[in-house]
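Q: Please take a close look at one part of this model. I would like the side chains and their surroundings spelled out, residue by residue.

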Amino acid sequence: MKTRMGLLSGGQRQAASLLMATIAKPRLLLLDEHTAALDPGAADKVMELTKRITAEQGITTLMVTHDMDYALSIGTRTIMLSAGKVVMDISGEEREQMTSGHLAELFYTARQKKLGQ
């Protein structure tokens, strides 16, 4: 016998999990690749829900993602790691003007410098 949660699509499950995690209004929300296994449409809906909930509740959120567009579309600071080391930390006006393509270029250059290659 399936649980009711098991009857939901991946996107619906992620949205329900997000709602459950934020119903008690936590001060910190940790999201680890919370859109990774979703199709693009469902991922976009989950990200919109994430933006809305975190903004409305004023929740500090740490989101791990490999999607640079998502990394830039939510929040106020982007920290990028390579081999467990911080290679970029951008915020403010620099981040507001950033595109995912430019971010990828800067990351590649910064990573090469940090790793001494």
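A: The model is predicted.

Helix α2 covers residues 40-57, 18 residues in total. From first C-alpha to last, α2 reaches 26 Å. That is close to the 26 Å expected at 1.5 Å a residue.

Now its side chains. The buried residues of α2 are A42, A43, V46, M47, L49, T50, I53 and T54. Seen down the helix axis, these buried residues fall within an arc of 165°, so they line one face of α2. The other side of α2 carries exposed residues: P40, K45, A55 and E56.

Salt bridges come next. The structure holds 3 of them.

One joins E48 to K51, with the closest N and O atoms 3.4 Å apart. E48 and K51 are 3 residues apart in helix α2, so about one helical turn separates them. E48 has 47% relative accessibility and counts as partly exposed. K51, at 27%, is also partly exposed.

Another brings together the side chains of R52 and E56, at 4.0 Å from N to O. R52 and E56 are 4 residues apart in helix α2, so again about one helical turn lies between them. R52 is partly exposed, with a relative accessible area of 48%. E56 reaches 62% relative accessibility. The cut-off for exposed is over 50%, so E56 counts as exposed.

Turn to the strands. Strand β3 spans residues 77-82 and strand β4 spans residues 85-91. The two run antiparallel, and 6 bridges join them. They form a hairpin with 2 residues between them. In the turn, A83 has a positive phi of about 55°.

Two pairings can be picked out. R77 has S91 in β4 as its bridge partner. I79 stands opposite D89 in β4.

β3 has two faces. T78, M80 and S82 make up the covered face. R77, I79 and L81 make up the uncovered face.

R77 also takes part in a salt bridge. Its partner is D89, and the closest N and O atoms are 2.6 Å apart. R77 lies in strand β3 and D89 in strand β4, so this pair ties together parts that are 12 residues apart in sequence. R77 is exposed, with a relative accessible area of 51%. D89, at 39% relative accessibility, counts as partly exposed.

One last surface feature lies elsewhere. L28, L30 and L62 make a nonpolar surface patch of about 320 Å². L28 is found in strand β1, residues 28-32. L28 is partly exposed, with a relative accessible area of 49%.

To recap the helix: the buried residues of α2 line one face, while P40, K45, A55 and E56 are exposed on the other side.

Key. Residues numbered from 1 in each chain as written. Predicted model: local features only at pLDDT ≥ 70, side-chain atom pairs only at ≥ 80, totals over all residues. Heavy atoms only, no water. Patch = residues over 30% accessible without salt bridge, like charges linked within 9 Å, V, L, I, M, F, W, Y side chains within 5 Å. Areas by Shrake-Rupley, 256 points an atom, 1.4 Å probe, with all protein chains shown as cover. Buried < 20%, exposed > 50% of the residue type's maximum accessible area, 1.4 Å probe, protein only. Pairing = 2+ DSSP bridges. Expected span 1.5 Å × (residues − 1). Arc of directions from axis to C-beta.
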